[in-house]
Amino acid sequence: MKFQNLFLIFTLILINSCALSVNKNFGKYQTQFISKSAFAPTKEELYSKKPKIIVFALDENGNSVAEQSGLGKTIANNVENILTENSLAQLVDRNANNKLKNEIALAELNKSTSYKGPQVADYAISGAISNANFNSKYINGSTYVNPKNFQIVSIPPRYQYIAEVSGNLKVYELPSLKVVENIEFSGKEKRTENVRNKGGVSLGGIQIGGEQMSGTQRDDGLVRKASQDAIDDISIKMKNIFSKTGYILEKRSLGKKTIFKVSIGRIDGAKKGDNFEIISKQEIENPITNEIEIERRIIAKGQVSDKIDPDSSWVVIEDNDAIERIKIGDKVKLVYKQSFFSKIMKLIK
């Protein structure tokens, strides 16, 4: 049964990889007519730059473990890494913008202020650590007889160390200081080490004489690792908040296969297999007011093919029935999902 599941997974991966292979025969694809959306982007919207984002060190709330480990800055750096590794933002120096940090703190108290300083960024990310602790647990050793070979097996006593970190991040829109996202995070890490002895003799895992040494009282590295795990758990959500958007530019086909060119490329972080949604704007009449309103609808989903240029790429649509609904100027938004491998590793952990 396990072999059948693995074979099925491998087959699906192989089929998906073939479906996204466009580059080899790209010259054979023929340009197709495609109508233009009434809501096509302006030139400024089409060539919009990555948002400027400033990430402040988190408030450690007087927690000694957090302060000793430098968690406030560590978590801020981890968030910055997510944004830069996925080409999602232009980072702004947090150290040069203390005025903005102070006004964010003031906004938390008053719930009614806005930033009136220079427009240094489009968004600010701040937050607080609600809990950070490090604990140790003594585990007694044991001895047993292996029933297979009747050998005596001795497991020495050991210490188990556990670090836990939790808190929240807030994404502020500037200059309004409106909170657009509030994200809670938590992470946990543990490790063990055998109890060490000063003096005495060890025979077959049994300690004779000597003085038992106490365990580690502080492990900043383990605490920081717990915070890294916490941010890794929310990385998909962070990426989707600032995921790159682009627009449909062109349509081509080869036989029964149709592909679309979009204004998201390698410099935007696009990679083969990335998921995306195509969002169309449509006019609808409000049944109560009879006024015309603009509605946004997801009309198609798909994946980025292997044909990726610096500022554009070609994508494959999952549902062939949706192809005819797509127009030039429809918005494309990358959608990040947890990979199958990441899910397995998290389950194992």
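Helices (H or I, at least four residues) and strands (E, at least two) are DSSP runs here, numbered from the N terminus. By that count the protein chain has eight helices and 18 strands, and one of its loops, between strand E5 (142–145) and strand E6 (152–155), holds Phe150. This is a predicted model, so local features need pLDDT of at least 70, side-chain atom pairs count only at pLDDT 80 or more, and totals for chains, interfaces and linings use all residues. Residues are numbered from 1 along each chain as its sequence is written, and side-chain values use heavy atoms, with hydrogens and water left out.

**The chain overall**

- Of the 349 residues in the protein chain, 38% count as buried, where buried means under 20% relative accessible area, exposed over 50%, and partly exposed in between (1.4 Å probe, protein chains only).
- The protein chain exposes about 20,800 Å², with carbon and sulfur atoms supplying 51% of it; accessible areas come from the Shrake-Rupley method with a 1.4 Å probe, and for residues only the protein chains shown count as cover.
- Among contacts with a separation of 6 or more, 71% join residues 24 or more positions apart; contact means heavy atoms within 4.5 Å.

**Pocket and cavity**

- Rolling a probe the size of a water molecule over the atoms shows where empty space is left.
- On a 1 Å grid over the protein atoms alone, a cavity is a set of points where a 1.4 Å probe fits but cannot get out, while a pocket is an open set with protein on both sides within 12 Å along at least five of seven lines; lining residues have an atom within 4 Å of a point.
- The second largest pocket has a volume of about 710 Å³, a volume being the space filled by probe spheres set on the points, with grid points joined across faces, edges and corners.
- Its lining is made of 29 residues, and Ser48, Ser243, Thr245, Tyr247 and Lys331 lie nearest the centre of the pocket.
- Strand E8 (178–194), strand E13 (245–254), strand E15 (275–285) and strand E18 (331–335) are the elements giving two or more residues to that pocket lining, and E15 gives the most, with three residues.
- By class, the lining of the second largest pocket has 11 nonpolar, seven polar and 11 charged residues; Ala, Val, Leu, Ile, Met, Phe, Trp, Tyr, Cys and Pro count as nonpolar, Asp, Glu, Lys and Arg as charged, and the others, Gly among them, as polar.
- The structure holds one cavity of 30 Å³ or more, and about 30 Å³ of space lies in the largest cavity.
- Lining the largest cavity are Val262, Ile264, Ala270, Phe276, Val304, Ser313, Val315, Val332 and Leu334, with strand E17 (313–317) and E18 each giving two or more of them.
- That cavity lining splits into eight nonpolar, one polar and no charged residues.

**Helix H4**

- The 15 residues of helix H4 (residues 71–85) should span 21 Å at 1.5 Å a residue, and the end C-alpha atoms are 21 Å apart, so the two agree; the expected span is 1.5 Å times one less than the number of residues.
- The buried residues of H4 include Leu71, Ile75, Val79 and Ile82.
- Glu80 also sits in H4 and is buried, with a relative accessible area of 15%.
- Leaving out residues up to four places away in sequence, Glu80 touches Val55, Leu91 and Arg94.
- Just after H4, Ser87 takes a positive phi of about 50°.

- Ser166, in strand E7 (residues 158–173), counts as buried at 18% relative accessibility.
- Beyond four places in sequence, Ser166 touches Ile129, Ser130, Asn131, Phe185 and Ser186.
- Ile183, in strand E8, is buried with a relative accessible area of 2%.
- Not counting residues up to four places away in sequence, the residues that Ile183 touches include Gly167, Leu169, Ile234 and Met238.
- Ile183 and Met238 are 55 residues apart in sequence and 8.7 Å apart in space, C-alpha to C-alpha.

- Most residues other than glycine have a negative phi, and most peptide bonds are trans.
- The peptide bond from Leu174 to Pro175 is cis, with omega near 5°, and Pro175 lies in the loop between E7 and E8.
- Leu177, in the loop between E7 and E8, has a positive phi near 60° and is buried at 6% relative accessible area.
- Phe150 also has a positive phi, near 60°, but is exposed, with a relative accessible area of 67%.
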